Amino acid sequence: MRIPLWIFTNWMNVFDSISARAQSDPPPGAHRLRIAGHDCGWVAQDALRWLAPFKDEVSIGTGMVRMLPALESAPPSDDRRTAVSELLSRIAQALFEAGRLNGWRNELLDVVAEDGVVLGVIERAAVRPLGIATHAVHLNAWTDSGQLWIAQRSFTKTTDPGMWDTLVGGLISAAETPETALLRESWEEAGLLPHHLKDARRSGTFQVRRILPEGYQIENVTVVDTVLGPEVVPENQDGEVAALRTATPQEVIDMVAEGLFTLEAALAMKTSLGPLALAASGAVPAEAAVVDETARVSL
């Protein structure tokens with residue numbers, strides 16, 4: 001398929017406008033979060049008052065919240081991880097009881113500092129008020145005729161109800177890898193089994209930084225691509241998907257331009273469609289869009 005250069009340019013303009021929405025500075029008044037000496041978030045200004053009761057373990061200064069400052073010089077250990085997790089559990093509970101959290105997910109996520117150190121775990125619902133980074137994986141599933149499987153989110157979901165999404169997408173839970181999270185999410189959201197993903201490839205990563213009603217979202221996303229044969233018909237298992245269907249790349253672009261996709265899904269589409277469209281426009285050799293064998297996902 002040959003794509004005229006002007007169409008490719010329009011596609012990239014759509015994606016560029018989406019990308020700009022994904023890079024926002026922390027909200028006004030947010031305080032830098034440092035846990036046991038490691039920078040790892042931005043505490044929303046209104047959440048500071050619920051940290052005050054933890055004054056023996058939390059120091060609130062000008063523009064900075066330091067949790068467990070007594071452990072700032074402590075080496076990594078199970079004791080430090082337990083202390084961080086236990087404190088964050090109590091803080092999450094306090095935020096929940098104050099009505100500051102958007103529900104309670106009963107799902108733990110790793111707290112990964114900006115330097116890559118895993119400090120502990122935290123209740124999923126509490127990450128945005130504290131601006132703690134999350135990690136996610138998205139699957140772009142293609143048909144062998146070059147269409148994409150897309151999923152419409154349930155209208156009862158708290159976040160982005162009714163919007164369109166990649167076939168599979170979700171946060172990586174505590175102690176999971178992108179690969180194990182992909183396997184779990186692929187079954188829950190599309191009924192896919194490991195053998196359906198045996199030829200999956202990582203196509204790229206991106207980061208989202210944006211202000212949400214509940215706080216600051218920092219999300220690091222891994223994008224995976226695969227091709228599903230005609231005998232594979234995805235079927236949702238967890239009730240969180242309203243509809244599944246295929247769409248052409250042009251239809252996907254049009255839907256992105258109309259704001260019908262979630263921000264994360266649109267960026268995941270960009271990660272996959274961008275190189276393919278660039279090659280199809282003739283702007284780069286086709287082989288430049290081919291994912292190297294080393295990008296294959298180990299499942």
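**Strand pairing and aromatic contacts in a predicted model**

Leu 139 has Val 168 as its bridge partner in strand β10. The model is a predicted one, in which local features require pLDDT of at least 70 and side-chain atom pairs count only at pLDDT 80 or more, whereas totals for chains, interfaces and linings use all residues. Residues are numbered from 1 along each chain as its sequence is written, and side-chain values use heavy atoms, with hydrogens and water left out.

Strand β10 (residues 168-171) runs antiparallel to β7, to which it is joined by four bridges; strands are DSSP runs of E of at least two residues, numbered from the N terminus, and two strands pair if DSSP finds at least two bridges between them. Strand β7 also pairs with strand β12 (residues 215-228), in the parallel sense and over 10 bridges. Within β12, Leu 228 is the bridge partner of Thr 143. Nine of the 10 residues of β7 (residues 134-143) are buried, so this strand is largely enclosed by the rest of the structure. Buried denotes under 20% relative accessible area, exposed over 50%, and partly exposed in between (1.4 Å probe, protein chains only). Of the 299 residues of the chain, 49% count as buried.

One aromatic pair is present. The ring centres of Phe 96 and Trp 104 lie 5.4 Å apart with planes at 65°, so the pair is edge-to-face (centres within 6.5 Å; planes under 30 degrees apart stacked, over 60 edge-to-face, the rest tilted; the six-membered ring is used for Trp). Phe 96 is partly exposed at 35% relative accessibility, as is Trp 104 at 33%.
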